[in-house]
Amino acid sequence: MMSCSVSRGCWAPALRAAVRWRPGLGAGLYCTESGPRVRFAPSPTGFLHLGGLRSALYNYIFAKKYGGRFVMRIEDTDQSRLVPGAETSLEDLLEWAGIPPDESPRRGGPLGPYRQSERLELYRLAADTLIERGAAYHCFCSPQRLQLLKKEALRSGETPRYDNRCRHLTPGRVEEKLAQGQPHVIRFRLDQGATSFEDLVYGGTCHEVGSVEGDPVVLKADGFPTYHLANVVDDHHMRISHVLRGTEWLVSTSKHLLLYRALGWRPPTFAHLPLLLNPDGSKLSKRRGDVFVQHFVERGYLPEALLDIVTHCGSGFTEAWMGRTLPELISEFDITRITTHSALLDLDKLPDFNRIHLLHRIQDASWRQALVGELAALVGKVYGQHHPSLEHVERVLLLRKGHVTRLHELVSPSYAYLWVRPQVPHQQLDRLSPESEKICRLVMDLVRGQQHSTVSTQELGCELRGLHTQVKDTKYSVMMTLLRLALSGQQQGPSVAEMIMSLGFEEVCERLERAVAH
């Protein structure tokens, strides 16, 4: 495919106008004093994946950076591939991620409807306009003929393309076929002479699609448009000023610009985002469940962590540090910093991102209360009818902050002692030390003496070490193992001082009494 590229220096003035927003001076169509209008237009043929989340996020950030509007449009023209529940899930997950659209099928808006299946009249009128202007034509080729063309091309080692046969039908012949009710589609004339355009990421670009592609279908036999016509018509009527989308659409943009020109419309400004890839450079595969956002929701990852990691691995921000919040991402966004290099996403680092954002939530009093309720619900779900006190849950959160990556870890078997009293036979403690009962009673006395104090975990650890002077025949490490076993049923885990602080002094005394009694 023929293409040309212009250095960034040639288009820097236009770029500066586009990104350093001033009322009435923004690049692109429909840039008013209210800022730019951008859109995220997923197809409900599947569920939201990380690549889609990243595209939506960049659009959201761009809109909020410059006081604009973020529009969600559902591209449901391929009715045969619709997945039940996908549309609802797409918008649900944007809201979960904290990047809700300003206009959408659910929220409505002044330029709806926001489903393409409800905008068919607009596409039909646009197709009629193209035909009237000689920019499109009726095609009556059967699916069987098109399949034969494809097989012949592949057999000859060529790229399959339509041979534009129906382009040459006379008006009389077309009228005759239409009168007979013959099935047909409408194709757009891809004449040579693509216009170069200035992409905000890739710079000056043009692709001569007319010389390498056959005329594309813009309106199918069932009256539904193809992507090419629908997105041009919708972006025009929805007053989209900037189109931020994946780089896989870069080649098609020249085709879309030809449609804009044929319809007499001014196109928006384009910015194509580099691909999101695996660390080895391979494509993220939708066949793997772990690229879908729902996968991370179900495993307890925070939306802030996902937003942070999908922007951290790419470009477009003045800083790249772990732990950025959405307001910080908006503040630091700079579209001139988006490079053409693919973004390598290392999901093995996601737990580290989540640990930092979970720590931030725990430290924030308002967020912490929500986490307390969420963790209490998880405990009830995992351990049946047991419902711990909210005070106890909050104490656990504060003590384990910075240590766990997800709330789900706190209901794993290694933390079961926090929610369920262990059954530890006294004989098992005696095998560790013949002074087991004495050790337990010393700790009970210590804990009772601290019930009304504000002792810290570190101070309590020092007090426990001081108790060891009253134990004659047991090493300090064995004493700690014995206490840990009595309190949790486990010989390994957090420090005994932290266990005591997590469980609370009253619960600790209850467990040590039970251990001695058994």
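Q: A disulfide is a pair of cysteine sulfur atoms within 2.5 Å; what count of disulfides comes from this rule?
A: The count is zero. This is a predicted model, in which local features need pLDDT of at least 70 and side-chain atom pairs count only at pLDDT 80 or more, while totals for chains, interfaces and linings use all residues. Residues are numbered from 1 along each chain as its sequence is written, and side-chain values use heavy atoms, with hydrogens and water left out.

Q: What makes C139 and C440 buried?
A: Buried means under 20% relative accessible area (exposed is over 50%, partly exposed in between; 1.4 Å probe, protein chains only). C139 has 2% and C440 has 1%, so both are called buried.

Q: Which residue ranges are called domain 2 and domain 3?
A: Domain 2 is 364-414 and domain 3 is 426-517, with bounds from an automatic or database domain assignment.

Q: What makes domain 2 and domain 3 count as being in contact?
A: Contact means heavy atoms within 4.5 Å, and seven residues of domain 2 are in contact with eight of domain 3. The two domains bury about 570 Å² between them, that is, accessible area (1.4 Å probe) lost on being put together, summed over both. R395, L399 and R400 supply 66% of the area that domain 2 buries against domain 3.

Q: Why is the pair R400 and E498 called a salt bridge?
A: The rule asks for a side-chain nitrogen of Lys or Arg within 4 Å of a carboxyl oxygen of Asp or Glu. In R400 and E498 the closest N and O atoms are 2.2 Å apart, so the pair meets the rule.

Technical notes: Disulfide = S-S within 2.5 Å.
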